[in-house]
Amino acid sequence: MKRFLLLLRSIRRTQGEGPESERTSGERRVMTDGGTSEKRSTFQRWLDSDIVQSAPFWLPPFLLMGFFVYAAIGWNFLLSLTEYSGFGDPDYSNLGLQNYWAMLDDPGMWAATRNTFVLLVGFTVVCLIVGLLLALLLDREIRFSRSFRTIYLLPFALSFIVTAQFWRWMYNVNNGIINQFIGVFGLGPYSWLGSPKLVLGAVIFALVWQFSGYTMIIYLAALRSIPNDQYEAARADGASTVRMYWRVIIPQLRPAMVSATVTLVLFALKAFDFLYATFDGYRPRRGADILATKMVRESFGRSEWAYGSSIALMLFVLSLGVITPYLYNQYKRGNL
Amino acid sequence: MAETQLDDVRKVFTETDGNEIVAVNDVSIDIEDGEFLVLVGPSGCGKSTTLRMIAGLETISDGDIRLDDRVINDVPAKDRDIAMVFQSYALYPHMTVRENMAFGLEESTDLSDDEIAARVEETAEMMGIDPLLDRKPEELSGGQQQRVALGRAIVREPAVFLMDEPLSNLDAKLRAQMRTELQQLQEQLETTTVYVTHDQTEAMTMGDRIAILNDGELQQVGTPLECYHEPANVFVADFIGEPAMNFFDVTRRDADGDGAVLVNETLEYTVSADISTAIGDRDDLVLGVRPEDISIERSEGDQRRADGHTVPASVTVVEPTGDENIVYLDLGADRSERIIATIDGMSQVEAGDRVVVHVPEDAVHVFDGETNEALHNRRVESNEPRVPNV
Amino acid sequence: MSEKSVTTEEAAEQTAMKRVTDGITLGRVGLYATLIGLVGFYLLPIESGLVTSIKTPTGLDNTFPFLPPLDAGWITFEKWQVAFDYLAPGMVNSMLFTIPSTILCAILGSMAAYGLTLVDWRGQIAVLALFIAGIFVPYQAVIVPLFQFWSQYMQLGARLSFLWGLPLLEPHYATILELIITHTAYGIPIVTLLFRSQYKTMSNEMIEAARLDGASVWRVYRRIVLPLSIPMFAVVFIFQFTQIWNEFLFSLTIIGSTNDPAASATLILSGLGQSLEGTDYPLRMAGAFITALPTLLVYVLFADKFAEGVQT
């Protein structure tokens, strides 16, 4: 949050910069330019400066995005301080932290937070591992390697609403493929999406199916950028394939892993579509409720707008906790 | 065509952590109309920044740049009537050669399409690139791209040409050829040209005058021969000439009459009255002599000539280049000083030879050891200028 | 690698080499088996959905879910017909907001990236950081104000009521317009980043050459940068089209109801085939395929461009 405010402040500084630099250059002109023929007004020069010249390009998109993203977050914060619920307009005259206190007393909140973190850790770690294995498998001379890549990435191109339909069918208690498969080994059948113990694992499995192709693509791009000499040098050093990957190649995938992790964690935080479609609405089975679903349910299901906003703000703060170090790190490395 | 003046031009970069770096420090140069000026110096000396300030690609922190007495500090690059040739050529990859050349005329003039087409054809013909007009840059060789980049600048008939190391991406042979061609072209067009390079060969052979920069400071502006024979300071003396001038840190000792002796642990060099006068009472000095001014004589044992201009030495390495030999020698009994001499390619010297090195007095330079400024430069016979050895 | 060593090795070592070569071949077989097994894993849910969508209830009971209907009498395309009737208006609506916002996103994102990358001014990193952070902001954090903004403050339907009398215009287009603006605004950050990743690699000297050639900031964009970003536009179109088409939370909150005339394809699909007797799986599967069809088509045709968009 502090970082965010700093950013905002630096923006304001930037915007104030135009007239300021104009003034200093004006002073300089008085000092050095003793009556030469070219007289350009300070206004004219200000118009020619790069910040003004470039403004028509970035300012309109910035204002549109800024309004919908940053103004909306500010507004959301304001709403979370009101008692706004039901129909009608929010009352902004009486602001307080009551919604945040209410969160502490809400057992559903604790359950949702716990589930969010389980989903976040389980989903992210499994996705990173599966994606890495896929990438290592494909990063060699293979016929049809592009076709394999295209197939593995295919689920990622589909809507969660679509994939949720497929997985409901896969997890179906009576004749779902999963139960039929484990039935071969004399197990089950289990109610994958009905049992509070199993449901979160089942959701994570389905999401890994959908996202591992994404992690694979990120790793593959990083693997492709490693020069061939390094493989050859490692081989010339007599390293076995496994050791070569472990000692030489995988350490170089760190930046790719970091950026994939950020994306996966942020997705896990806001995963809503899949759960909504899997459980036909705002109410996931007990054991699968996460902050994102609870937030939408409180606001749009129960019209507890203010309470929903306060959960939304929690989500935002959690995301900031991931984004800020990431962006700062990227800035430090000059990747921005 | 225009006269260009740099008047105490200064460029300060502010780093993100607030540190200020002076890239160009109060540089003043008057570039005459039609002149070919070469800005030369080691990398990071501020030569490119200076060029980019003339182009309008960098703001000027202080001072003025004038084009025909008009201050152009605040004129945007696009309105300066300046054309620039970049090291990477910076051709527009999606346009054909014809479109590349026409672009500047379309953007900066009101010429009709026909007039533009005619001018492009004419310039392309002059540059010998007319067969390439309908190709894209990626289909051209490096040398052809270089020509197109030049053509693109020439077709605009700008007041000033700026060139930022335009030949450095070419191979050695092509570079030598383009050097000559570029010079002829500039003489023919009579357009003021500022040419940046780190290569002193280019500087010496191409420029009407050269301006030598180091650490953002202008060291000397002068014709190539002036800079070669009358370097303003140790930096210029060292930078211009290949192999570089030999330097010895010496102190002064009074001698008989008006002369003096410059001494260090291995060297005792007698100088006559006019050099002694130039030195004055300074004590911390640098003696300089160019490798080609040194002659080597075979010696028997350790003998010195009576004039005090010789010193015994032993040859360590001989690098034959064909027309001449570059000889590396260790001076004195303890071999603590090293000296380089270039001698005739036919003379027979081998590593290990004991020789006597002769340094003629009219070829020596003396610099102030503290300020590095030149106190005395070699004598130049005005009617017969020596061809510099670069 | 192995072939090369075979040719260079001595004949005496042939036996040893052969084992190595065999080992590698065996490894290759294992590799391909794994890759094909994974193809099965990734395609099974989709394949199973496809065969289920054309099964009659009898077929559903009598075949494994992943096998096609084995008896011709178990095949029916009725569910596809029903699903299509439900989804057709949603498909039209989704197209109506997806295509304009994709185009707007691409144009605005390219402009923003140009202004923030190729024109150098102080403070642009801070503005850029705000753009990039915008990619990661969870939509939940803005969804309540967004809903408030459109439903309470803007009320485009009422404001633009004078338009609905015109031919070809209908009141629910107000909601479509809201979706276009919303999707454009939230799509700008990622698109800006995509374009920036390309613009950063563009030669600075080339831009400077164009400015010295007399081109203004606008003309440099129009004549140099824009023509050179056509490949990136293709990537952005494909990636952003897929993203917006697949989106659900905005549809759910801004449109609100499955029965709304502006309902999008994903919104209708989420409520398809629900009844008290249980879920009609064949209908749902057919619906899922119809909804996914445009994205599937785009993906199959331009998989490489999609992957390029994902990588950045």
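Colleague: What makes you say that B:Arg290 lies over the face of B:Tyr228?
Modeller: This is a predicted model, and in it B:Arg290 is at 4.1 Å from the ring centre of B:Tyr228. The distance part of the test asks for CZ of Arg within 6 Å of the ring centre, and 4.1 Å meets that. B:Tyr92 has a charge over its ring as well: the charged end of B:Arg152 sits 4.6 Å from the centre.

Colleague: Why is the pair of A:Tyr171 and A:Trp192 called tilted?
Modeller: Their ring centres are 6.1 Å apart, and a pair needs centres within 6.5 Å. The planes are at 40°; under 30 degrees would be stacked and over 60 edge-to-face, so this pair is tilted.

Colleague: Which residues touch the most other members of the largest nonpolar core?
Modeller: A:Phe123, A:Tyr152 and C:Tyr114 do, in a core of 251 residues. H9 of chain A gives the most to this core, with 17 residues. Beyond its neighbours within four places in sequence, A:Phe123 is in contact with A:Val118, A:Ile204 and A:Phe267, among others. A separate core of 43 residues includes B:Met101 and B:Val148.

Colleague: How do you know that A:Arg146 and C:Asp304 form a salt bridge?
Modeller: The side chains meet at 2.7 Å, N to O, and the cut-off is 4 Å. The count between chain A and chain C is 3 salt bridges.

Colleague: How much area do chain A and chain C bury between them?
Modeller: About 9000 Å², with 75% of it on carbon and sulfur atoms. In terms of contacts, 99 residues of chain A meet 100 residues of chain C. A:Phe57, A:Phe68 and A:Trp169 supply 9% of the area that chain A buries there, more than any other three residues.

Key:
Residues are numbered from 1 along each chain as its sequence is written. Chains are lettered from A and ligands numbered from 1 in the order in which they are written. This is a predicted model: local features need pLDDT of at least 70, side-chain atom pairs count only at pLDDT 80 or more; totals for chains, interfaces and linings use all residues. Side-chain values use heavy atoms; hydrogens and water are left out. Rings of Phe, Tyr and Trp (its six-membered ring) pair if their centres lie within 6.5 Å; planes under 30 degrees apart count as stacked, over 60 as edge-to-face and the rest as tilted. A charge sits over a ring if NZ of Lys or CZ of Arg is within 6 Å of the ring centre and within 35 degrees of the ring normal. A nonpolar core is a set of buried Ala, Val, Leu, Ile, Met, Phe, Trp, Tyr and Cys residues joined through side-chain atoms within 4.5 Å. Buried means under 20% relative accessible area, exposed over 50%, partly exposed in between (1.4 Å probe, protein chains only). Helices (H or I, at least four residues) and strands (E, at least two) are DSSP runs, numbered from the N terminus. Contact means heavy atoms within 4.5 Å. Buried area is the accessible area (1.4 Å probe) that two parts lose on being put together, summed over both.
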